[in-house]
Amino acid sequence: MARAIWSGSLSFGLVNLPVRMYAATESHTVHFHQIQRGTSDRIRNKRVNERTGKEVPAEEIVKGVDAGDSYVLVEPEELDDIAPGRSRALEIGGFVDLDAIEPVYFATTYYLGPRGKDYAKVYALLHKALQETDKAGIATFVMRNRAYLVAVKAEADILALHTLHWADEIRDPHDEIGDLPGRTKIPDRELKTAVQLIEALGTAWRPEDYHDTYQEQVRRLIEAKRKGETVEKAQEPPESTNVVDLMSALQASVDSARGGKKGKKSGPTQRRRGKGHSAGTARKASRTEDLTELNKAELYERATEAGLPGRSSMTRDELLDALSGSGGRSHAKAS
């Protein structure tokens, strides 16, 4: 069982629920060490006095705020003394509609669990009530010398706690961007075609279908360098759409999206008719047509899923040939 990162009492009205809080996410980012070029020597960061250049032990370090002509020094225990909610209370002050909280306010997600089986009923009661009302409980609490604004909501069969940004932490988009492009007048024909494109590309939200391909490429780069191999550079990003060509680009995108969906539906019909192609040929042609639109990284991911031998040393064209079936056997033998 994971270790709780905070524990306290969640209260709403006169009801108190002892809870523990757990991290809901973890990073899959590849972490690098700093190494001096030409050696295997690690680079270490040290806390040094900028005046003397000497290293300072942790117990001699205090916090300080620049007051202009001097620093105001604050000891760690002084922060503990003034921290609100020292009783480790998570008190819900009110309940709001979930839709009322704008996405920009959400920061980090945590899971809440009851602090023992004796509190399972109270936990389930709050979870069910939040689920029925589609509301979130708004509260504040203190963790690691910092006060947080949070929203407690029901997700699946668990209570989730989302830390929220404070109102004064949200930047005004008008100040950051200036004249907002969203106010630009758009011709009705272009807007209608853009709506058609969005509808044609509509899909179900399945987060498991999406992968961090950049981190996968980083791992392949590391593995290739470990073996003394080279990795093909990524494709250049597409050029920006010219305003003059906007309508033609939109219409071509709509036609392509609709054509792709029609192509997927036509497969079974062609196989039932059996005119000129076998079922296997039709499937192979469909796969080849889809694969030609993929870049090397995406082709490599397909090859990994298919367990294709020798894929790490193949070029994009070789991966395409092997996956489409035209050159798979020869590559497998060569590897």
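Which residue takes a positive phi in the hairpin of β1 and β2? It is G13, with a phi near 65°. Two residues lie between the strands of this hairpin.

Begin with the whole chain. The protein chain holds 335 residues. It has 10 helices and nine strands. Buried residues make up 22% of the chain. The chain exposes about 25300 Å². Carbon and sulfur atoms supply 51% of that area. Now look at contacts between residues at least 6 apart in sequence. Of these, 56% join residues at least 24 apart.

How far can the model be trusted? The mean pLDDT of the chain is 81. A value of 70 or more is reached by 83% of the residues. Confidence is highest in strand β9, residues 158–164, at a mean of 97. Confidence is lowest in helix α10, residues 328–334, at a mean of 39. Two stretches call for care. Over residues 265–289 the pLDDT is below 50. Beyond near neighbours in sequence, that stretch has seven contacts in the model. Over residues 326–335 the pLDDT is also below 50. Here the model shows 11 contacts beyond near neighbours in sequence. Where pLDDT is low, the predicted coordinates should not be read in detail.

Now return to the hairpin. Strand β1 covers residues 6–12, and strand β2 covers residues 15–23. The two pair in the antiparallel sense, over seven bridges. Look for A23 here, whose bridge partner in β6 is Y110.

Next, follow the aromatic rings. A pair of aromatic rings is described by the distance of the centres and the angle of the planes. The structure has three aromatic pairs. One of them is formed by W6 and F141. Their ring centres lie 4.9 Å apart, with 70° between the planes. The pair counts as edge-to-face because its planes are 70° apart, and the cut-off for that class is over 60 degrees. This pair links distant parts of the chain. W6 sits in strand β1, and F141 sits in strand β7, residues 135–142. The two are 135 residues apart. Are these residues buried or exposed? W6 is buried, at 4% relative accessibility. F141 is buried too, at 3%. Ring pairs link W6, F141 and Y148 into a cluster.

Charged side chains give another set of links. A search of the whole structure finds seven salt bridges. One of them joins D97 and K135, at 2.5 Å from N to O. This pair also links distant parts of the chain. D97 lies in strand β5, residues 89–97, and K135 lies in strand β7. They are 38 residues apart. D97 is partly exposed, with a relative accessible area of 41%. K135 is partly exposed as well, at 27%. Strand β7 thus holds both F141 and K135.

Another salt bridge joins E176 and R171, at 3.6 Å from N to O. R171 counts as exposed, at 64% relative accessibility.

Move on to helix α5, residues 213–227. Both E223 and R226 lie in this helix, three residues apart, about one turn. An α-helix has 3.6 residues a turn, so residues three or four places apart point the same way. The side chains of E223 and R226 meet in a salt bridge, at 2.7 Å from N to O. E223 is partly exposed, with a relative accessible area of 31%, whereas R226 is exposed, at 61%. Salt bridges that share partners join E223, R226 and K227 into one network.

Finish at helix α9, residues 316–324. Its buried residues are R316, L319, L320, A322, L323 and S324. Just after α9 comes G325, with a positive phi of about 100°.

Key. Residues numbered from 1 in each chain as written. Predicted model: local features only at pLDDT ≥ 70, side-chain atom pairs only at ≥ 80, totals over all residues. Heavy atoms only, no water. Phe/Tyr/Trp six-rings, centres within 6.5 Å; stacked < 30°, edge-to-face > 60°. Helix = DSSP H or I, 4+ residues; strand = E, 2+ residues; numbered from the N terminus. Buried < 20%, exposed > 50% of the residue type's maximum accessible area, 1.4 Å probe, protein only. Pairing = 2+ DSSP bridges. pLDDT = per-residue confidence, 0-100. Contact = heavy atoms within 4.5 Å. Areas by Shrake-Rupley, 256 points an atom, 1.4 Å probe, with all protein chains shown as cover. Salt bridge = Lys/Arg side-chain N within 4 Å of Asp/Glu carboxyl O.
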